[in-house]
Amino acid sequence: MAINRRRFILGMSGAGLALCTRRVFKLGGMLGAGTALGTQLDNLGVAFDASLTVDKIPRIINIFLYGGPSELAGNLSNIVEINANSQNPYGNIFDPNNASTVVTPNYFWSTAGGTVLEQLVASGDATVYRTMNRIKDQNRAHGICVQQNLVGNLDVYHPGTATTLAWILQNNNPYRNPDGSVRDLSKVVFPFVTFEGESKAFNRADIDIPPALKPIALNANLMNPYQRTDHTVAGLNNSGATDTALEQLARLTNGGGAYKLTTESLIQRAEAATNITAMLNNIPVPSSSFNYGTGNFGTRLSAAVSLILANPDTLYVSLGSSGLGGWDDHSEMLGRYPARMSEMMNAISAAVNHLNTAAAQGVAHADKVIVNVFGEFGRNVNLNESLGWDHGNNQNLYTFGGRGLASKGRVLGKIVGETQRIGDKGVNRQFTSPTANSYQFEPFAVASTLFKYFGVTNPELLSGEPPIAGA
């Protein structure tokens, strides 16, 4: 079904429900009785704020740094002690008292995006949490940590964060028509989008998500890389040779993983060209006005922001950090890590400026867009024999935008958490850890925070963690 431009561009700014109530839903039946996952959740009652409307929900751009990013771009607060104990020295430029130091006033790494971070914190557009620390499960293996952080739960078979958000919408529909009536979810356009292809954030587990709430894959040109060129509007004819070949291509492209993103969104892709055309004709603030850079990461972030500004229906975008390189930085990182971090932070700064400009020009939800940046784990702070960093527990959460959510408790312009260096001099296993009195949280708290924003009043039941304070 093609979606006309008028219906696509209408915002959900109608009057909210007058009465604030709570709706409670048990997950067991939805997830399938008899499975391990269903058994775990059979008696779990998730409560919703049934008065929540979509105009009050933040839009999320999730930038996941695969490989495990070092915290040092955003946390050099222990650098003097680190430098004194590292197997290999960091150099005089990491001395805060050196005239040519790369250590900024808030202990960011100036040439690794730290100058940009200083500006965004000072302007009230960013908060840096320095103590996202894995305590419950200190496994520092890539695979399991990626899955845990993107499903927002210690259980890697749990539904992905985005899938859980879709389930929340399904059971507590916040979308409203202009007259305030509840909107048919089948008419919602692209609520969940991925610019990175398959992601564990969309892990289906045993949840049956309606087609309209399943994700669509887009590229930096706001086009689906698997779209059908000859039949872009018509639905699938499953007996046709073209459709069969396309489905086979989708399966091969996704590597046979548990989540067949492109396979499950074939019909959406058949409609994508019509919807994207409407979007491109209605983008309120052109991204060309902002310097996102010319790399793959910047162009995809630009497209993600443009999509969210043009389409009030889009609530969650998975971006990844493709184009910057991976973050598994075991060797020779003093030369490569700063450039990569700078490229990312410069693009994020452009995104923040883009959103602030759109908000000033009256785009209703522009001040409710949150950009979150984190990875599967942190890194040691010792500079190893290969002049890199091995896997560690502690990392930063960088969060940007969302000024309009202050009434929801969101705090910006802060640096949260204090760390100390742990480990013997001259050994590899040196790392930072939150000080005894510091605020700290598990990575799964990121998902809990999103569930709270989407109207769940007891999100810790879904993630095992309370929401992040001030996020």
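Which residue lies over the face of Y453? K452 does, at 5.0 Å from the ring centre. A charge counts as over a ring if NZ of Lys or CZ of Arg is within 6 Å of the ring centre and within 35 degrees of the ring normal.

1. **Ground rules.** This is a predicted model, where local features need pLDDT of at least 70, side-chain atom pairs count only at pLDDT 80 or more, and totals for chains, interfaces and linings use all residues. Residues are numbered from 1 along each chain as its sequence is written, and side-chain values use heavy atoms, with hydrogens and water left out.

2. **The sheet.** Eight strands form an open sheet with mixed pairing. Their order is β6-β5-β7-β3-β8-β11-β4-β12. Strands (E, at least two residues) and helices (H or I, at least four) are DSSP runs, numbered from the N terminus. Two strands pair if DSSP finds at least two bridges between them.

3. **The edges.** β6 (216–217) and β12 (415–416) stand at the edges of the sheet. Each has a single partner strand, so one side of each is left without a neighbour in the sheet. For β6, strand β5 (residues 192–194) pairs with it in the parallel sense over two bridges. There, V193 stands opposite I216.

4. **Strand β3.** Look next at residues 59–65. Seven of the seven residues of β3 are buried, so the strand is largely enclosed by the rest of the structure. Buried means under 20% relative accessible area; exposed is over 50%, and partly exposed lies in between (1.4 Å probe, protein chains only). R59, I61, I63 and L65 point one way from β3, while I60, N62 and F64 point the other way.

5. **Neighbours of β3.** β3 pairs with strand β8 (residues 369–375) in the parallel sense, over seven bridges. In β8, F374 is the bridge partner of F64. β3 also pairs in the parallel sense with strand β7 (residues 316–318), over three bridges. Here I60 stands opposite Y316.

6. **Helices across the sheet.** Helix α7 (residues 161–171) lies across β5 and β7 and runs at about 165 degrees to β5. Helix α13 (residues 445–453) lies across β3, β4 (126–133), β7, β8 and β11 (394–401), at about 165 degrees to β8. Contact means heavy atoms within 4.5 Å. Axes are lines fitted to C-alpha atoms, for helices over the stretch in contact, and angles run from 0 to 180 degrees between N-to-C directions.

7. **Cover on α7.** Ten of the eleven residues of α7 are buried. Among them are T161, W167, I168 and N171.

8. **Aromatic pairs.** The whole structure holds 13 aromatic pairs. Rings of Phe, Tyr and Trp (its six-membered ring) pair if their centres lie within 6.5 Å; planes under 30 degrees apart count as stacked, over 60 as edge-to-face and the rest as tilted. W109 and Y337 form a tilted pair, 5.4 Å centre to centre, with 40 degrees between the planes. W109 sits in the loop between α4 (79–85) and α5 (114–122), and Y337 in helix α12 (residues 333–360), 228 residues apart. Both W109 and Y337 are buried.

9. **An edge-to-face pair.** Y129 and F441 are 5.6 Å apart centre to centre, with 85 degrees between the planes. Y129 lies in strand β4 and F441 in the loop between β14 (431–434) and α13, so the pair ties together parts that are 312 residues apart in sequence. Both Y129 and F441 are buried.

10. **A cluster.** Y90, F94, W109, W327, Y337 and W389 form one aromatic cluster. R340 lies over the face of W327, at 4.6 Å from the ring centre.
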